[in-house]
Amino acid sequence: MTPYFITFGLSSMCCLYGEYYLHHKKKINAKILFGLAVLVAAVLAGVRDLDIGTDIWTYGEWSFRAARNNPDLISFVASQADLELLYNVLVWIVARFTSNSHWLYFFTSFITCYFVMQGIRQYESQVSITIAWLTFLFLYYGDTLNVMRQFISVSIAFWGVKFAINKCYKKYLIITFVATLFHNTAILSLLVLFVILFLDKKDSIQRRVIVVAGVLLAAVMYSQILEVFIDMGILSDKYERYYSSEFALSLNPIILRLPFLAIIALWYRAYRKGETKTVKRWDRNSEADIIIILLIIDLLLSAMRGTLSTLYRTAFIFGMYRTVAYSRICSVLKKNNKLVVTTLLIVYLIVVWIYQNVIQGNNEIFPYTSEILGIK
């Protein structure tokens, strides 16, 4: 655990000082420190041994080696048709200047963390960037070491959604399209757009219930929807392996997500309308509820691992907003409540990380080893 926790601590400290400079109008200093926060996290990913992260040997290493042996980009992309276009391009470019695959994992992590940071910074007036970043590191950094292609797409889509909230739909669609070229599942970001458009028209309890009920229905009919997407060519035939004839919800993901949903519900008024010297109201009234709905969708989709374990990954697009929501509720409470809830969040993050990565062995990232750093 030590390498991860030291890295998370250093990265968050850089973020904390970056946020300090941001609030004091020293934007260049802030950008440098936010960049260092990203760099620290990316370095840990880059120097890890090649058995840290399951998908390194599922596609990472063999695609890199194929790129090393093929100097023609078009030929290489054609030979790697099972992987998305822009991921293949990234691998091929990295393979042109180095034979060391650790650089691929560094750049993969750097791109992912960069866009996560940019996504969080879209909400810098409404949340604490540092708390949001710390939440990402504890909840999702381990996943970025495994599902590398998907998390590049998740991070880009996360950054892009704010453009949809601000009604810059063309930019949002272009960014979402780019995200799908790293991993097809970024198409789920269109559901986020639907939620935005639906609630922005009228942010009522009835409409929120309709969205949640619709997602639950889609979860029940998951296999039929998957068949339609494959038949339409939106998803390739390889996704047939995700078909399941049964439907079941797993309890663990629900239990892990309920505590802070409950805290947000308890202080809903502060979450929605609270302000401090450094934290302002949401840019739009519906935005607070949109993010809560995304958290509920994350909960439902995560619970679908009971139907098929890999379905847990479909929730990443929506789960990323836990960073925004958790940070928001910690930032807008009054002094004593703020201290209690922030402390609870830190304890919660540590417990969840240990439970998921040490006890359950998620992503095969623990224990961390690095021959480069001499960590065995």
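Tutor: A crossing is called right-handed if the near helix is turned clockwise from the far one by less than a right angle, and left-handed if anticlockwise. This is a predicted model, so local features need pLDDT of at least 70 and side-chain atom pairs pLDDT 80 or more, while totals for chains, interfaces and linings use all residues. Residues are numbered from 1 along each chain as its sequence is written, and side-chain values use heavy atoms, without hydrogens or water.

Student: What is the handedness of the crossing of α3 and α5?

Tutor: The crossing of α3 and α5 is right-handed. Helices here are DSSP runs (H or I, at least four residues), numbered from the N terminus.

Student: At what angle do the axes of α3 and α5 cross?

Tutor: The axes of α3 (residues 60-68) and α5 (residues 85-97) cross at roughly 60° and come within 8 Å. Axes are lines fitted to C-alpha atoms over the stretch in contact, with angles from 0 to 180 degrees between N-to-C directions.

Student: Which residues meet there?

Tutor: From α3, Gly60, Ser63, Phe64, Ala67 and Arg68 meet Tyr87, Val91, Trp92, Val94, Ala95 and Arg96 of α5, with contact meaning heavy atoms within 4.5 Å. The contact has seven nonpolar, two polar and two charged residues; Asp, Glu, Lys and Arg count as charged, Ala, Val, Leu, Ile, Met, Phe, Trp, Tyr, Cys and Pro as nonpolar, and the others as polar.

Student: Which element gives the most to the lining of the largest cavity?

Tutor: It is α7, with five residues. The lining includes Phe138, Asp143 and Tyr312, and divides into four nonpolar, five polar and one charged.

Student: And what lines the second largest cavity?

Tutor: That cavity, of about 40 Å³, is lined by Leu139, Leu256, Arg257, Tyr312, Arg322, Val352 and Gln356. Two or more of its lining residues come from each of α13 (251-266) and α18.

Note on methods
On a 1 Å grid over the protein atoms alone, a cavity is a set of points where a 1.4 Å probe fits but cannot get out, and a pocket is an open set with protein on both sides within 12 Å along at least five of seven lines; lining residues have an atom within 4 Å of a point. Grid points are joined across faces, edges and corners, and a volume is the space filled by probe spheres set on the points.
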